[in-house]
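Subject: Handover of a structure

Hello,

I am passing a structure on to you.

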Amino acid sequence: MSKSSSLVVLVVVAVFVGILWEAKIGCAQLSAAQCKEERRIGLNQCKPVLYRKLPTPACCERVRVSHVECVCPVITPKLAALIDVNRAIRLIEGCGRRVPRHFKCGSITTP
């Protein structure tokens, strides 16, 4: 997978996780290594989304358990420009999660 494809998958996962503010578990700070591992697992679980497929059950589960504070900081304007936020919202809702209006995750704000 090319670097740009990996970035697109990361953005999709980040949007999934960032919008799901309800998925934030506890107040404990995660280490940089733990956050990096969460992002790696999310990328692997949600790769089919890159190819315009629906998220797998494993991807939806990853979306529900990942920590917002690990993913949102990596969303830059350049990465945000690579995705369709409305499609991401539909996919998240397809995982059974409500998407709050005007939620900000990195450089993305939901409609």
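The notes below go from the overall fold to single residues.

This is a predicted model, in which local features need pLDDT of at least 70 and side-chain atom pairs count only at pLDDT 80 or more, while totals for chains, interfaces and linings use all residues. Residues are numbered from 1 along each chain as its sequence is written, and side-chain values use heavy atoms, with hydrogens and water left out.

Confidence

The mean pLDDT (the predictor's confidence in each residue, from 0 to 100) of the protein is 77, and 75% of the residues reach 70 or more. Helix α1 (residues 3-19) has the lowest confidence, with a mean of 57, and α2 has the highest, at 92. Over residues 19-27 pLDDT stays under 50. For that stretch the model has 25 contacts (heavy atoms within 4.5 Å) beyond four places in sequence.

Overall fold

The protein has seven helices and two strands; these are DSSP runs numbered from the N terminus, with H or I over at least four residues for helices and E over at least two for strands. Along the sequence the pattern is α-α-α-α-α-α-α-β-β. Of the 111 residues, 43% are buried. Buried means under 20% relative accessible area, exposed over 50%, and partly exposed in between, with a 1.4 Å probe and protein chains only. Of the contacts between residues at least 6 apart in sequence, 80% join residues at least 24 apart. The protein exposes about 6200 Å² (Shrake-Rupley method, 1.4 Å probe; for residues, only the protein chains shown count as cover), and carbon and sulfur atoms supply 58% of that area.

Helix α2

Which residues of α2 are buried? They are C35, E38 and G42. Seen down the axis of α2, these buried residues fall within an arc of 55°, so they line one face of the helix; the arc is that of the directions from the helix axis to the C-beta atoms. The face turned away from the buried side carries the exposed residues A32, A33 and K36.

Cores

A nonpolar core is a set of buried Ala, Val, Leu, Ile, Met, Phe, Trp, Tyr and Cys residues joined through side-chain atoms within 4.5 Å. The largest one has twelve residues: V68, C72, I75, A80, I83, V85, I89, I92, V99, F103, C105 and I108. Helix α7 (residues 85-94) gives the largest share of this core, three residues. A second, separate core has five residues, among them C46, V49, V63 and L91.

Single residues

I75, in the loop between α5 (68-71) and α6 (77-80), counts as buried because its relative accessibility is 4%.

E69 is in helix α5 and counts as partly exposed, at 27% relative accessibility. The C-alpha atoms of E69 and Q29, 40 residues apart along the chain, are separated by 8.7 Å.

R52 sits in the loop between α3 (47-50) and α4 (57-65) and is exposed, at 62% relative accessibility. Phi of R52 is near 65°, a positive value in a residue other than glycine. Most residues other than glycine have a negative phi.

Regards
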